[in-house]
Protein chains: 4
Amino acid sequence: PVASIDSSPISTDGATSLSKSPLARALAEFAGTFLICFAIYTVSTYGTVLYGINILLIAVLTGAAYAAATAVFSRFSGAHFNPAVTLAAVLTSRISWLDALLYLVAQVLGGIAAGAVAIAILPTTETVTAKAWLTYTINGFDTTSLSYLANSTLQQAGLSFGSTMAIVVEVVMSLLVVAAAIVTMREDGSALPNRTTAIGFAYGVAVAVAYPITGAGLNPVRSTGIALFAQGKGLTVEPLSQLWLFWICPLLAGAVVALVMLLSSTFSEMIAKNAM
Amino acid sequence: PVASIDSSPISTDGATSLSKSPLARALAEFAGTFLICFAIYTVSTYGTVLYGINILLIAVLTGAAYAAATAVFSRFSGAHFNPAVTLAAVLTSRISWLDALLYLVAQVLGGIAAGAVAIAILPTTETVTAKAWLTYTINGFDTTSLSYLANSTLQQAGLSFGSTMAIVVEVVMSLLVVAAAIVTMREDGSALPNRTTAIGFAYGVAVAVAYPITGAGLNPVRSTGIALFAQGKGLTVEPLSQLWLFWICPLLAGAVVALVMLLSSTFSEMIAKNAM
Amino acid sequence: PVASIDSSPISTDGATSLSKSPLARALAEFAGTFLICFAIYTVSTYGTVLYGINILLIAVLTGAAYAAATAVFSRFSGAHFNPAVTLAAVLTSRISWLDALLYLVAQVLGGIAAGAVAIAILPTTETVTAKAWLTYTINGFDTTSLSYLANSTLQQAGLSFGSTMAIVVEVVMSLLVVAAAIVTMREDGSALPNRTTAIGFAYGVAVAVAYPITGAGLNPVRSTGIALFAQGKGLTVEPLSQLWLFWICPLLAGAVVALVMLLSSTFSEMIAKNAM
Amino acid sequence: PVASIDSSPISTDGATSLSKSPLARALAEFAGTFLICFAIYTVSTYGTVLYGINILLIAVLTGAAYAAATAVFSRFSGAHFNPAVTLAAVLTSRISWLDALLYLVAQVLGGIAAGAVAIAILPTTETVTAKAWLTYTINGFDTTSLSYLANSTLQQAGLSFGSTMAIVVEVVMSLLVVAAAIVTMREDGSALPNRTTAIGFAYGVAVAVAYPITGAGLNPVRSTGIALFAQGKGLTVEPLSQLWLFWICPLLAGAVVALVMLLSSTFSEMIAKNAM
C-alpha cells in the first residue's frame with residue numbers, strides 16, 4: 001500500500017509538491033507552529049482560568065488549530081509543526097536530513113515565539129500572578145498533573161498521575177497523531193487531500209485523552225515553548241525539570257511509526273515480487 | 001446504485017485496494033481497535049469521574065476516534081474495527097470469510113489490550129477504587145444504565161432504562177453506524193474517499209443517543225474489552241452478565257444492513273435487465 | 001453557475017445518479033428521516049431532561065445526524081429528508097412531481113415512526129410523566145418557547161418569544177438549510193461530493209440559532225412526528241395548534257430558494273447569450 | 001507554489017469560475033454576510049444571556065456559519081464575507097478593484113441588515129433592556145472586554161484586557177482566517193474544494209482565542225453591524241468609539257497575507273527561472 005502512494009491523485013489544493021524555496025518551507029513551519037501554539041497557550045491560560053477547565057474546548061480547539069494550519073501551510077512545507085512528525089518523515093525518506101534540521105529549528109522558534117507573545121500580553125497584578133495564568137497550560141505529571149492540581153479530593157486521597165501513566169498516554173496518543181500525519185503524506189513530502197481532516201481528528205482525540213493527565217503535550221515544541229517562560233514563576237514543580245518526558249514520548253512514537261511504515265513497505269515489495 | 005460502486009474514482013489517499021498481506025490487515029484492525037477503545041475507556045473513566053458526565057464530549061471523542069483510525073488504517077484493512085461491520089462486509093462479499101475471522105480475532109484482541117492497558121494505568125487507593133473509575137465506562141442497562149446510576153431522583157422514582165429500551169437504542173443506532181461503514185466501502189473492501197467523515201458523523205450521533213441509556217456499546221468489542229476487566233470489581237451488576245445484549249444488537253444490525261444491500265443490488269440488476 | 005452543475009465531476013461515492021427504483025428511493029427517504037428524527041427526539045427528551053438544556057449538544061447532534069444520513073442515503077434518493085428541500089428540488093426540476101409526492105409521504109411516515117418509537121420506549125411513572133419528557137422536544141413559540149419554559153425570570157418579567165420572532169428565526173435559518181441542500185444537488189437530483197459536510201454545517205448553525213426560541217423546527221416532518229404524540233399529554237399549549245408555523249416557514253424558505261435559483265439560472269443564460 | 005494554483009483540479013461543486021453577473025456576486029456576498037452575522041448576533045445575545053457564556057458554542061457556531069455560507073455561495077462570489085479577505089484578494093489580483101468595492105458595500109449592508117433584524121426581534125421590557133441583550137455581542141476591549149464584564153473578581157483586582165492585548169489577538173487570529181481564505185482561492189477568485197472546511201476550522205480557532213478578550217471581531221463588518229444598533233443603548237462604553245480597532249486589525253492582517261503571497265509568488269518564479 002505504501003508503494004501505491006506515488007500514484008495518488010492531485011491534491012485538493014492543486015499542489016503536488018512542496019515549495020522549492022527552503023526559506024519558504026522554514027517560514028511555513030515557523031508560522032504554522034506559532035499559530036498553533038499561540039492558540040493552545042491562550043485558550044489554556046485565560047480561556048481556562050476564567051471559564052473553567054473544559055476538556056472538549058481544548059480538544060476541539062487543538063484539533064482545529066492543527067487542521068487549519070495544515071490547510072494553510074501544507075502546500076509550502078507539508079505541514080509538520082511537530083518534531084515527532086518530522087522525525088518520522090525523515091526516517092521514511094519523505095524529506096531530507098537537511099530539511100529535517102531546518103524544520104526542527106523553525107518549529108522550536110515558532111513555539112518559543114508563541115510562548116513569548118502569550119506571556120507578554122497576559123496582564124498580571126499582585127493577586128492575579130503569572131503562576132495563576134500558567135497552571136493549566138504547562139505539560140506536567142505527578143503533582144503537576146492537571147487533574148491533581150484541579151482536584152483537592154485527589155490530593156487528599158494521595159492519588160496522583162505519575163510518570164508511567166503520563167508516558168503511556170503520551171506515547172499511545174502520539175502514535176495516533178504521527179500515524180495520521182505520515183499516512184496522509186506522499187513520498188515527496190506533500191500532503192494528500194484528506195490530510196487536513198485526518199490531522200484534526202487525530203489531535204482532537206489525543207488531546208481529549210491526554211489533557212486531564214499531562215495537559216496534552218504530543219508535540220515537544222508545544223511543551224517547550226511555554227515551559228521556558230513558566231520556569232521560575234513559582235509553579236509547584238519547575239516545568240523544565242519534567243520536559244524530558246514530553247520530548248522522549250512523541251519522538252519515540254515518531255520512530256515507531258517510521259519503523260512500521262518501512263517494514264510494511266518492504267513487506268509489500270516482497271509480496272509483489274513473489275507474486276510475479 | 002450498488003453496482004456502480006465498482007466504477008468509483010480513486011480514493012483520496014491514492015489507495016484503491018487493501019494491503020495484500022493478511023498480517024498487515026490483521027495488525028491494522030488490531031491497532032485501530034486498540035486506539036479507539038483506549039480513547040473511549042480513558043475519557044469515560046478519568047475524564048468522566050473527575051470532570052462529570054459530558055454526553056457531547058463522549059460523542060465527539062468517539063466519532064473522532066473512529067474517524068481518525070479510519071483515516072490511518074483504511075488503506076491497509078478497510079478500517080472495520082467492529083465485528084458488526086465485518087459481518088455486514090462478509091455477507092455482502094466485500095471480504096472473504098477467512099478475512100472476516102482474522103478481522104474478528106484482531107478486533108477482540110485489540111479491545112482486550114485496550115482494556116488491560118487502561119486498567120493498568122488507573123491509580124487506585126482504598127477510597128478511589130477500581131469500581132469508582134469503571135462505573136461510567138461499562139455498557140449496561142436496567143440498574144446499570146448510566147442515567148440510572150447517575151441520577152438518584154430516577155432511582156427513587158423507581159424508573160430505570162430496561163433491556164427493551166437498550167435493545168431499541170443499540171439496534172437503531174448500530175444500523176446507522178454499519179450502514180455508514182458499508183455504503184462507503186467498495187466491493188473489494190477498500191474505502192471510498194468520504195468514508196472518514198461518514199464514519200465520524202455516524203458514531204458521533206449514535207453515541208449521543210445511546211450513551212445516556214447503555215453507555216453506548218454499538219460495537220461488541222468495545223463492550224467486551226472493558227467488561228472483562230470490570231468483572232469482579234464490585235459493580236452493581238457484573239458486566240459480563242449483560243454482555244449478550246451488546247453482541248446481539250450490533251450483529252443483528254450488521255445482518256440487516258447486509259440484507260438490505262443485497263436486496264437493493266438484486267433489485268437494481270432486475271431493473272437494469274428489464275430496461276434492456 | 002447553475003448551468004455548469006451538469007458538467008460536475010463524479011461524486012466521491014462513485015454514484016452519479018439516484019436509484020432507478022422508486023421503492024428504493026422512498027425507503028431511503030423513510031429510513032433517513034426516521035434515523036434523524038429518532039436521534040433528535042431521544043437527545044431532546046432524556047438527553048435534555050436528565051442532563052440539562054445544552055444548545056451545542058443539540059446543534060452538533062442534529063447537524064451530524066443530517067450529515068450521516070446524507071452520507072448513507074444520498075446515492076439512493078438524493079437525501080432530502082425535509083419537505084422544504086423536496087419542494088425546492090421539484091420547483092427547480094431536480095426531481096419530478098410524482099417523486100416529490102412519494103418523498104413527502106415517505107418523510108412524513110419516517111417522522112411519525114420515529115415519534116412513535118421514541119414515545120414507546122420512554123419509561124413513565126406518576127412523577128415522571130410523558131409531559132416531563134416532552135417539554136423540550138416539541139416545537140413551539142410564545143409560552144411554549146423553550147427559553148420561556150426554562151426560565152422563570154423571563155416568565156415573571158412577562159417576556160416571551162412570540163410568533164413573529166419564531167417566524168423570522170425559522171424562515172431565515174430554513175433558507176440556509178435549503179440553500180445548502182439545493183446548491184449541493186446536481187440537476188438530476190444526485191448529490192455533489194461536498195453535500196455531506198455542507199448539510200452538517202448548515203443544520204448545525206440553524207439549530208444553534210433556532211433551538212432557544214422554537215426548539216428548532218426547520219423541517220415540517222421533524223415538528224409533526226413528535227407533535228402528534230405530544231398532543232393531549234398536558235403540555236402548556238397543545239403542540240398541533242402551533243404546528244402551522246413549522247410547516248409554513250420551511251416551505252416558504254424552500255420556495256424562495258427555488259425562485260432565486262431559477263432567476264439566477266435564467267440570468268446566467270441571458271448573460272451567456274449576450275456574450276456570444 | 002502560488003503559480004501552481006492555476007493548474008488545480010475542478011472544484012467539488014463543479015464550478016470553476018464565479019458568477020458572470022456582478023449583481024449575483026453582490027447578492028451572494030450580501031446574503032452570506034447577513035446569514036453569518038445574524039447567526040453570531042442571535043447566539044451571542046439570547047443564546048448567551050439565557051444560557052451563559054460558552055466559548056465552545058460561539059466558536060463552533062461561528063466556524064460552522066462561515067463554512068456553511070462558503071459552501072452555499074462560493075460558486076457565485078467566491079465567498080469572502082469579510083473586507084479583510086476582499087482586501088487580500090484584490091491585492092493578489094484574484095478580483096478586480098471594482099469588484100472589491102462592490103463586495104465591500106454588499107458585506108457592510110449584509111452586516112447592518114443582520115444587526116437590524118436581530119435588534120428588531122429581541123423582546124425588551126423595563127427589566128430586560130436592550131443593554132442586557134447586547135453586552136456579550138458587541139466587540140470591545142478594556143472595560144468592555146467580555147471577560148472583564150463577566151468577571152467581578154477581575155474588576156476588583158483592577159485587571160482588564162486593554163487595547164494592546166486586543167490588537168495582538170485580533171491581528172494574529174485574523175492572519176489565520178485571511179490566510180485560510182486566500183490559500184484556498186484560485187487566481188480567478190473561485191474556491192478550491194477544501195475551502196469550506198479550511199474556513200470553518202480557521203474561524204473556529206480564531207473565535208475560541210479572541211472571544212474572551214474582544215468578543216471576537218475578526219471581520220470589520222461583523223463588528224460594525226451590531227455596533228451601530230448598540231450605540232446609545234447605555235452600554236459601559238459606546239461601541240462605535242472602539243470600532244476603529246476592529247477595522248484596522250483585520251485589514252492589517254489582510255494586507256500582510258497579500259504581501260506574503262506576492263513575495264512567495266515572486267520568489268517562486270525567480271527560483272523557477274534560475275532552475276532553467
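The model is predicted: local features need pLDDT of at least 70, side-chain atom pairs count only at pLDDT 80 or more, and totals for chains, interfaces and linings use all residues. Residues are numbered from 1 along each chain as its sequence is written, chains are lettered from A in the order in which they are written, and side-chain values use heavy atoms, with hydrogens and water left out.

In the interface, 40 residues of chain C are in contact with 41 residues of chain D, where contact means heavy atoms within 4.5 Å. The area buried between chain C and chain D is about 3500 Å², and carbon and sulfur atoms give 81% of that area; buried area is the accessible area (1.4 Å probe) lost by two parts on being put together, summed over both. Between chain C and chain D there are 0 salt bridges, a salt bridge being a side-chain nitrogen of Lys or Arg within 4 Å of a carboxyl oxygen of Asp or Glu.

A rotation of 90° with 0.0 Å of shift along its axis superposes chain C on chain D, with an RMSD of 0.0 Å; the superposition is by least squares on the C-alpha atoms of residues with pLDDT of at least 70 in both copies. That is the relation of a four-fold axis. Only 2% of the interface residues of chain C are also interface residues in chain D, so the copies meet through different surfaces.

Other pairs of chains do not touch. No contact joins chain A and chain C, whose closest C-alpha atoms lie 12 Å apart. Chain B and chain D are likewise joined by no contact, and their closest C-alpha atoms lie 12 Å apart.
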